[in-house]
Amino acid sequence: YPGKNFSPVEMEAQKDIIAELFKTRGFSSPAIDIFAREDRDDNTVVLKIDITPGPWRRVRSIHISGNRAFSDTRLKSRMKTWRASLLHLGRARFNQHDLDRDMETLTGFYRKKGFAEVAITYALNTDDRQSRVAIVVLVDEGPRYEIAFSGNNRFSGRALKKEAAVYSRGNRGGMGIRKSVKDMKARYWNAGYLNADVRVEEGARAEESGAPKQVRFVIEEGPGTVVRSLTIRG
């Protein structure tokens, strides 16, 4: 960047960084050249970067496996990569950045539907001779969570459900449930229930039978704390 001390070694390293960026955007063999022109009058250099992107990879096909709860079409319709391929009749440029975002979109969709342990990855089968990419999306749905509450009088189950992080962050390794408990306690604390406690009762994992996994948040609200008096001194 302008103002940084010039290093010929660092200048050469930029070639690989720029080339890698173009590769993630679908260009299979970008050519990058960097030239330095020195100005001895003020001890500065001007860098010129020549980029020849070259041919790009096209999306040949998208296949989804492991999905049982939702159809291929329902999932693909949420993928920018698939929509672009459909719009451009198979001539759309493959963009790995968009594909990574698609995986995040699909993961969020599954979590909102209660699949808190979902894991979605992809594999690429590349044909460099024809500059085409076949995408295989691998879905591990995990069990669908069914969440319930008991003991809650101050807040409705609908309100507490907003604090259930399993719908937004998932529950890989139990992290989502622990975060949910913490957030629910914080909500009660902020409402004046300083001794509120939240514990979790989890049903057995029932992924094989297709039955949802039962998760119940058992709440002991305790008494609400009110301000008895306010004294100002000094």
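Is Arg-199 buried, exposed or partly exposed? Arg-199 is partly exposed, at 39% relative accessibility, where buried means under 20% relative accessible area, exposed over 50% and partly exposed in between (1.4 Å probe, protein chains only). The structure is a predicted model, in which local features need pLDDT of at least 70 and side-chain atom pairs count only at pLDDT 80 or more, while totals for chains, interfaces and linings use all residues. Residues are numbered from 1 along each chain as its sequence is written, and side-chain values use heavy atoms, with hydrogens and water left out.

**View 1. Salt bridge between Arg-199 and Glu-201.** The side chains of Arg-199 and Glu-201 meet at 3.2 Å, N to O; a salt bridge is a side-chain nitrogen of Lys or Arg within 4 Å of a carboxyl oxygen of Asp or Glu. Glu-201 is partly exposed, with a relative accessible area of 39%. Salt bridges with shared partners also join Glu-117, Glu-202 and Lys-213 into one network.

**View 2. Strand β8 and its partners β6 and β7.** Strands are DSSP runs of E, at least two residues in length, and helices are runs of H or I of at least four, numbered from the N terminus. Two strands pair if DSSP finds at least two bridges between them. Strand β6 (residues 145-150) runs parallel to β8 (residues 213-220), joined by six bridges, with Tyr-145 partnered by Lys-213. Strand β7 (residues 197-202) pairs with β8 in the antiparallel sense, over six bridges, and Val-200 stands opposite Phe-217.

**View 3. Salt bridge between Arg-68 and Glu-141.** The closest N and O atoms of this pair are 3.9 Å apart. Arg-68 lies in the loop between β3 (58-65) and α2 (72-76) and Glu-141 in the loop between β5 and β6, so the pair ties together parts that are 73 residues apart in sequence. Arg-68 is exposed, at 57% relative accessible area, whereas Glu-141 is buried, at 3%.

**View 4. Salt bridge between Lys-80 and Asp-98.** The N to O distance is 3.8 Å. This pair links distant parts of the chain, with Lys-80 in helix α3 (residues 80-87) and Asp-98 in helix α4 (residues 96-112), 18 residues apart. Lys-80 is partly exposed, at 46% relative accessibility, and Asp-98 is buried, at 18%.

**View 5. Ala-134 in strand β5.** Strand β5 spans residues 132-140. Ala-134 is buried, at 5% relative accessibility. The C-alpha atoms of Ala-134 and Thr-73 are separated by 17 Å.
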